[in-house]
Amino acid sequence: MIKIVTDSTALLSDAVLKEFDIKVIPLNVNIGTDAYKDGIDMDGNKLIQYIKDNPKGDFPTTSQPSIGQFVEVYNELTQNGDTVLSLHMTDLLSGTVHAAMQASEIADGDVKVVNTHYIDQSLGFLVVQAAKMAKSGDFTRDQIIDQINKDIENSELYIGVSTLENLMKGGRISKATGIISKMMNLHVVFKLLPDDLKLQLKGRGKKTISKWFDQYLEENKGNQYKFIGISYTGSDEYPNELKKRLEAEFPNVTVSVQYTSSIVSVHTGENAFAIMTCKQAD
């Protein structure tokens, strides 16, 4: 059998994990000397509330699982001769996938690791696709990887934030850019690429985001999607507005809305959102 492993940023429910026998290895959130396991001891909502309640306290940081954690899981899953396919968040935002790759070389069993170049519900979608194929028993591991790579090519993820302060503190953007954003109250949208967070637009006030979304719908109308997801921090009012408009434009797809993980929340801050899609193959 092919066993599927991922990390906690995939935002998969306990029901889905059980149905498809997916193993999750959590990342960590560190606050001062205290460490919390993402999705177990800490979630996105709690993390944002902590930041709001402790503006002068220790700023949270994130850390990847240890190589040893991966080795332990891989050895457990392969002890009866099963193989492992381990799919993880983009290495642009974490070293998790590199730890997994190093562990795969040390582990006793047969393990292959995939850098999906995505995170959050996009990662979760890819993981579930792989798990469905593995559960069917009709595909080899290489065939599953080939299909996942096709889905990766057809995926997009856009992130909108109302401040760059958290990204700056987390070292994901330059300090100068963060200071400018804080002074000018900029709203910013990035596109997640394999090697960069590419700036799409910046401007003052929420109208900037609304104009971007109007343009986004115009550019993508007529596309056929197999997955659309929205993740967010803070209020769910705007994410649910996006959901209504996306479902109106793409009525054949149910749009999933979820509060994001504590790992993502550390870097985006409050009232951020992400739109994630995967197109049907041509």
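This is a predicted model: local features need pLDDT of at least 70, side-chain atom pairs count only at pLDDT 80 or more; totals for chains, interfaces and linings use all residues.
**The cavity**

A search of the whole structure finds 1 cavity of 30 Å³ or more. The largest cavity has a volume of about 230 Å³. Its lining is made up of 22 residues, and those nearest the centre of the cavity are Leu93, Ile119, Ile159, Val264 and Thr268. By class, the lining of the largest cavity holds 15 nonpolar, 5 polar and 2 charged residues.

Several elements each supply at least two residues of this lining: the strands β8 (155–161), β11 (225–232) and β13 (273–279), together with the helix α11 (262–268). Of the contributors, α11 gives the most, with 4 residues.

**The helix pair**

Two packed helices are described by the angle between their axes and the distance between the axes. Helix α5 covers residues 120–136 and helix α6 covers residues 141–153; they pack at an angle of about 150°, and their axes are 10 Å apart. Angles over 145 degrees count as roughly antiparallel, and α5 and α6 are therefore roughly antiparallel to each other. The crossing of the two helices, α5 and α6, is right-handed.

On the α5 side of the contact are Phe125, Leu126, Gln129, Ala130, Met133 and Ala134, which meet Gln143, Ile144, Gln147, Ile148, Asp151 and Ile152 in α6. The contact of α5 with α6 has 8 nonpolar, 3 polar and 1 charged residues.

Conventions: Residues are numbered from 1 along each chain as its sequence is written. Side-chain values use heavy atoms; hydrogens and water are left out. On a 1 Å grid over the protein atoms alone, a cavity is a set of points where a 1.4 Å probe fits but cannot get out, and a pocket is an open set with protein on both sides within 12 Å along at least five of seven lines; lining residues have an atom within 4 Å of a point. Grid points are joined across faces, edges and corners, and a volume is the space filled by probe spheres set on the points. Ala, Val, Leu, Ile, Met, Phe, Trp, Tyr, Cys and Pro count as nonpolar, Asp, Glu, Lys and Arg as charged, and the others, Gly among them, as polar. Axes are lines fitted to C-alpha atoms, for helices over the stretch in contact, and angles run from 0 to 180 degrees between N-to-C directions. Angles under 35 degrees count as roughly parallel, over 145 as roughly antiparallel, 65 to 115 as roughly perpendicular and the rest as oblique. A crossing is left-handed if the near helix is turned anticlockwise from the far one by less than a right angle, and right-handed if clockwise. Contact means heavy atoms within 4.5 Å.
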